[in-house]
Amino acid sequence: MKINLGLLKKNYEKLKLLSGSRQILFMVKANAYGHGMVPIVRYAVSELGIKEFGCATVGEALTLRKELCDLKFDIYVFSDLELDAENGMMNYIEHGIIPVISCQEVLHEFLQESRYQFLPVCLKFNTGMNRLGFKTSEVGDVINELKKFKKNTIYHLMSHFSCSSESVNKNLKSQKQYAQFQEIKKVFIKEGFTLERTSMANSGAIEQGFALEETHIRPGLILYGPSSLIPSLRKKRGWQGETISSLETHIIQIQKIKKGDPVGYGATPCPEEGFIAYIALGYGDGLTNFYRGIKISHKGFTGTVVGRISMDMTAVLFPLEAEKVLVLGESILLWNHDSDSVLSISDHISSIPYEIFCGLSERIPRVYSIS
Ligand SMILES: *Cc1c(COP(=O)(O)O)cnc(C)c1O
């Protein structure tokens with residue numbers, strides 16, 4: 001996989017046009033959506049001036065601290081805080097990592113331990129996704145608990161949308177969630193709290209210009225390029241990012257084949273006559289059997305993935321006329337920097353670009369350039 005960091009810069013500049021003066025908390029969980037967390041964060045801090053990043057696990061956060069100890073930036077851990085593990089909160093104290101607290105048990109533990117008193121209080125509320133987060137009905141309890149420990153400043157108050165890839169005008173779920181978040185903010189303010197930072201918008205909301213009235217936004221996918229909106233909404237909305245990666249492999253075998261001839265394991269009958277180009281990617285690289293049937297463009301021709309996908313190779317059927325452009329050893333791209341390219345794959349297999357990126361295995365080398 002080739003990753004052009006210059007395109008991350010272009011996407012970031014486009015994002016700033018959309019989001020104005022909002023601060024950016026860049027989500028880099030799951031190895032920066034498969035793009036390699038360390039090089040992505042290094043570039044984002046040193047070349048783009050982004051200062052805040054979101055990880056899912058404390059392990060990811062520690063990796064960033066260790067590998068990028070020469071750079072200054074904030075890290076939030078959103079999901080697996082591992083507070084009960086041996087080192088518990090010490091990881092957060094020693095490495096300046098911010099835990100996003102989303103349940104009362106953890107909040108209690110956090111406030112009770114005097115060594116944690118200098119860590120910022122970052123809270124996430126559940127406004128209807130029913131995943132992580134304090135329930136709206138718990139606001140009073142959370143406030144009482146904070147007051148008991150003389151805390152009156154919230155470093156960052158957040159919530160998360162469940163349906164922002166759908167129209168915020170047609171599916172009112174996002175509006176309801178955002179309204180609830182505003183109510184929660186109001187209660188805190190009425191009770192005398194200072195809310196230093198607030199955020200809710202992820203890619204889908206940002207693309208629709210929604211929930212931007214907070215200090216921060218939390219984009220992930222759109223900075224890597226593709227839109228996070230459902231297909232019917234994409235064209236209408238303005239996001240025109242370029243995919244920062246392109247996935248390249250090689251043609252390792254070319255065969256003429258007749259309709260009905262067996263292909264690969266299980267001897268699947270070939271649906272048409274043509275040329276099969278075997279490409280050097282298989283399920284060992286993350287190209288699972290969900291990819292059967294996807295289209296691959298190559299030099300003006302369209303190939304179709306046929307038969308079962310092997311661990312290390314995949315059969316792509318091209319029409320007979322493609323003979324002249326199929327060259328043994330030549331490279332072939334599964335997707336290029338045009339975001340429609342990866343989106344057409346994810347649409348074809350009823351998946352999402354998030355899953356396509358995160359599914360790529362370590363077997364695929366990530367090669368970085370800046371242009
Ligand atoms: C992953 C994540 C985001 C970013 O979502 P995108 O759809 O990739 O923009 C924002 N907030 C939280 C809490 C997340 O887990």
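Predicted model: local features only at pLDDT ≥ 70, side-chain atom pairs only at ≥ 80, totals over all residues.

Tutor: Residues are numbered from 1 along each chain as its sequence is written, and side-chain values use heavy atoms, with hydrogens and water left out.

Student: Which polar side-chain atom lies 2.8 Å from an oxygen atom of the ligand?

Tutor: A polar contact is a pair of N or O atoms within 3.5 Å. In this model a polar side-chain atom of Lys29 lies 2.8 Å from a ligand oxygen atom. From the backbone, a polar atom of Gly220 is 2.8 Å from an oxygen atom of the ligand, and an N or O atom of Leu221 lies 2.8 Å from an oxygen atom of the ligand. The ligand taken alone exposes 380 Å², of which the protein buries 93%; accessible areas come from the Shrake-Rupley method with a 1.4 Å probe.

Student: Where does the ligand sit?

Tutor: On a 1 Å grid over the protein atoms alone, a pocket is an open set of points with protein on both sides within 12 Å along at least five of seven lines, whereas a cavity is a set where a 1.4 Å probe fits but cannot get out; lining residues have an atom within 4 Å of a point. A molecule sits in one of these if more than half of its atoms lie within 2 Å of its grid points. The ligand sits in the largest pocket, whose volume is about 700 Å³. This pocket is lined by 37 residues, and Lys29, Tyr33, His160, Asn202 and Tyr354 are the closest to its centre.

Student: How much space lies in the second largest pocket?

Tutor: A volume is the space filled by probe spheres set on the points. The second largest pocket holds about 250 Å³. It has 14 lining residues, with Ile296, Ser297, Leu333, Leu334 and Ser341 closest to its centre.

Student: How many cavities of 30 Å³ or more does a search find?

Tutor: The search of the whole structure finds 1. The largest cavity has a volume of about 40 Å³, and its lining includes Lys124, Phe125, Arg131 and His160.

Notes:
Polar contact = N/O pair within 3.5 Å; in protein donor to acceptor, adjacent residues only side chain to side chain.
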